[in-house]
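The following note sets out numbered remarks on the structure shown below.

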Amino acid sequence: MVNYKKYYPESRTAGNEPPSHKYVEAKLIAGIAHEIRNPITSIKAAAQLCLNKYKLDKQVRKYIKIILKNSERVNSVIKDLINLAKPPEASFKIDGLGKVITSVCDLVNARCSRQNVRLTKRVQRNLPKIFIDEKLITGAFLNLILNALDATPKCGRLTITVYYNHNAEEIITSFTDSGCGISEDNLSKIFDPFFTTKKNGIGLGLSLAQQVIELHDGKIHIESKPNYGTEVTVRLPVYKERTSEDG
Ligand SMILES: Nc1ncnc2c1ncn2[C@@H]1O[C@H](COP(=O)(O)OP(=O)(O)OP(=O)(O)O)[C@@H](O)[C@H]1O
Ligand SMILES: [Mg+2]
């Protein structure tokens, strides 16, 4: 079974241990996010009311629309923050990874054609099953593919490979792109929430993906060579039937 305790540090602190830093941090983030959400909702509602109810000067209308647009952006960051602070709600089942790969590829096919990026999918047959929340893993993989596409110039390549590593009893999925790569300096920061090098990025894609993969008792690793490309490797343990000796 998946170890939920890891994601509810609260339950690790039975006894008199102080709560972990991560738990305090998550609580603090969620608290601040909620506090910001309420006034932003009022600002948004007031701006909307002005636009709907009053005949306004063209210039004033323009500025109120800016208030509205930016409060919507703050709202969406707040939503992501709240999601980051609480463990994702997961609904696991025993299944293969093949369906997830097919559905993420379907979701990004149109963008790949627009960008002229060659998307190659290599999935080993008869992969062992894993214990998976398909929706969460689809979201995580989508974040990884969108990052690869953001980094890949027109006419680049993106290859998704899925195979079984018999020795470690895990399924390895790798996303290899021929994009701009990541500098050594940035490589140590990319999993930090809100680290972004993009004009319109929020910097949460990788931290959310990491959270979901760890929720599956998996691991994510990134290697990159600037101006050459990036490889993201995700390792997910295969599902093993528990025997009575497992305890
Ligand atoms: N495949 C990649 N190639 C090059 N850089 C990458 C790649 N994946 C991630 N990065 C770098 O890591 C940073 C953080 O990625 P992350 O997905 O967390 O945030 P983001 O893509 O900037 O914003 P968003 O919240 O919209 O996902 C990116 O801004 C980018 O600099
Ligand atoms: Mg991203």
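1. Basis of the model. This is a predicted model, in which local features need pLDDT of at least 70 and side-chain atom pairs count only at pLDDT 80 or more, while totals for chains, interfaces and linings use all residues. Residues are numbered from 1 along each chain as its sequence is written, and chains are lettered from A and ligands numbered from 1 in the order in which they are written.

2. Overall organisation. The protein chain has 7 helices and 7 strands; these are DSSP runs numbered from the N terminus, helices being H or I of at least four residues and strands E of at least two. Along the sequence, their pattern is α-α-α-β-α-β-β-α-β-β-α-α-β-β. Of the 247 residues of the protein chain, 20% count as buried. A residue is buried if 20 or more other C-beta atoms lie within 10 Å of its own, exposed if 12 or fewer, and partly exposed in between, with C-beta atoms placed from the backbone. Among contacts between residues at least 6 apart in sequence, 71% join residues at least 24 apart; two residues are in contact if their C-beta atoms, placed from the backbone, lie within 7 Å.

3. Helix 7 is mostly covered, with 8 of its 11 residues buried. The buried residues are Gly205, Leu206, Ala209, Gln210, Gln211, Val212, Ile213 and Leu215. Their cover includes helix 5, strand 6 (219–225) and strand 7 (229–237).

4. Aspartate 217 is found in the loop between helix 7 and strand 6. Although it is not a glycine, aspartate 217 has a positive phi of about 60 degrees. Is aspartate 217 exposed or partly exposed? Aspartate 217 counts as partly exposed because it has 16 C-beta neighbours inside 10 Å.

5. Strand pairing. Strand 6 and strand 7 pair in the antiparallel sense over 7 bridges, pairing being assigned where DSSP finds at least two bridges between two strands. Lysine 225 has glycine 229 in strand 7 as its bridge partner. The two strands, strand 6 and strand 7, form a hairpin with 3 residues between them, and asparagine 227 in the turn has a positive phi of about 65 degrees. Strand 7 is also joined to strand 5 (residues 170–177) by 8 bridges, and this pair runs antiparallel. Here isoleucine 172 is bridged to arginine 235 in strand 7.

6. Glutamate 169 lies in the loop between strand 4 and strand 5. Its phi is positive, about 50 degrees, although glutamate 169 is not a glycine. Glutamate 169 counts as exposed because it has 12 C-beta neighbours inside 10 Å.

7. Geometry of helix 4. The 18 residues of helix 4 (residues 98–115) should span 26 Å at 1.5 Å a residue, and its end C-alpha atoms are 25 Å apart, which agrees; the expected span is 1.5 Å times one less than the number of residues. Helix 4 bends by about 45 degrees at valine 108, where the bend is the angle between axes fitted to the seven residues ending there and the seven starting there. Val100, Ile101 and Val104 are buried in helix 4. The buried residues of helix 4 pack against strand 2 (118–123), helix 5 and strand 4 (157–165). Asparagine 116, with a positive phi near 60 degrees, follows helix 4.

8. Isoleucine 82. This residue is found in helix 3 (residues 58–85). Isoleucine 82 is partly exposed because 15 other C-beta atoms lie within 10 Å. Leaving aside neighbours within four places in sequence, isoleucine 82 is in contact with Ala30 and Ala33. The C-alpha atoms of isoleucine 82 and glycine 31 are separated by 8.7 Å, the two residues being 51 residues apart along the chain.
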